[in-house]
Amino acid sequence: MTYPPPPGGWHDPSAAAGPQSSPPADPTLPMAGNRIPTQPTSADPYAPADPYAGMKSGDPYAAPGGYPPAGTPYAAPGYPAPGDPYAAAGYPAPAYPGYAPPSSKTNTLAIVALVLSLIGFTSCITAPIGAIMGHVARKQIRETGEQGEGMAKAAIIVGWILTALLVLLIIFYVVMIVIAVNSDSSSGY
């Protein structure tokens, strides 16, 4: 089967030679014993290692990192017991057993006491209330083990200092009034 000559006088050298004795050379095959380098893969050899490789699972609802499901006891020492807040909430145990779990909540009374003591800078009347609440908050913190010891101490210190300044201010006003009344009565009118 012959094809008409292409326009412009171009001539296909393989067509004029007649039937070929062998198929044309494959450019992907090695020549003269040289190896063809391997084809690049989708993996980048310079990419950093995936830190989450061990946590990947085909099941999207599986526990991450191979942790046992929530509610099962943890066998490794240093991990929380089954009744702890992690297992109860369905979260895995902390990744670093050397670190303590998040501490308990802050005592609300200590926060309120500190706020009232600080408001005492402007209102003066809330400072002693904040100081007294700070004492009650410290007692609660000792009994329950909650956080907020520093706030309770600060409320006590600030509250009593402002209360002392308020008392000194009241004494100053009383002395000034007494002086004003005495100087008025001594004028003779």
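Ile119 is in contact (heavy atoms within 4.5 Å) with Cys124 and Thr126, leaving aside its neighbours within four places in sequence. Ile119 lies in helix H3, where helices are DSSP runs of H or I with at least four residues and strands are runs of E with at least two, numbered from the N terminus. The model is a predicted one, in which local features need pLDDT of at least 70 and side-chain atom pairs count only at pLDDT 80 or more, while totals for chains, interfaces and linings use all residues. Residues are numbered from 1 along each chain as its sequence is written, and side-chain values use heavy atoms, with hydrogens and water left out.

**Helix H3**

H3 covers residues 108–123, which is 16 residues. From its first C-alpha to its last, H3 reaches 22 Å, close to the 22 Å expected at 1.5 Å a residue; the expected span is 1.5 Å times one less than the number of residues. Buried in H3 are Leu109, Ala110, Ala113, Leu114, Ser117 and Gly120. These residues lie on the same side of H3, because they cover an arc of only 140° around the axis. The arc is that of the directions from the helix axis to the C-beta atoms. An α-helix has 3.6 residues a turn, so residues three or four places apart point the same way.

Both ends of H3 have a local feature to note. Just after H3, Cys124 takes a positive phi of about 65°.

Buried means under 20% relative accessible area and exposed means over 50%, with partly exposed in between (1.4 Å probe, protein chains only).

| Residue | Relative accessible area | Class |
|---|---|---|
| Ser117 | 0% | buried |
| Leu118 | 42% | partly exposed |
| Ile119 | 39% | partly exposed |

Ser117, in helix H3, has contacts with Thr126, Ala127, Gly130, Ala131, Ala155, Val158, Gly159 and Leu162, again leaving aside neighbours within four places in sequence. Gly159 can also be located relative to Leu118 and Ile119. Leu118, which lies in H3, is 41 residues from Gly159 in sequence and 7.5 Å from it in space, C-alpha to C-alpha. Ile119 and Gly159 are 40 residues apart in sequence, with 9.4 Å between their C-alpha atoms.

**Aromatic pair**

The structure holds one aromatic pair. The ring centres of Phe172 and Tyr173 are 6.2 Å apart and the planes stand at 50°, so the pair is tilted. Rings of Phe, Tyr and Trp (its six-membered ring) pair if their centres lie within 6.5 Å; planes under 30 degrees apart count as stacked, over 60 as edge-to-face and the rest as tilted. Phe172 is partly exposed, at 46% relative accessibility, and Tyr173 is partly exposed at 48%.

**The whole protein**

The secondary structure comes to five helices and zero strands, in the pattern α-α-α-α-α along the sequence. Of the 189 residues, 16% are buried. Among contacts with a separation of 6 or more, 47% join residues 24 or more positions apart. The protein exposes about 14800 Å², and carbon and sulfur atoms supply 67% of that area. Accessible areas come from the Shrake-Rupley method with a 1.4 Å probe; for residues, only the protein chains shown count as cover.
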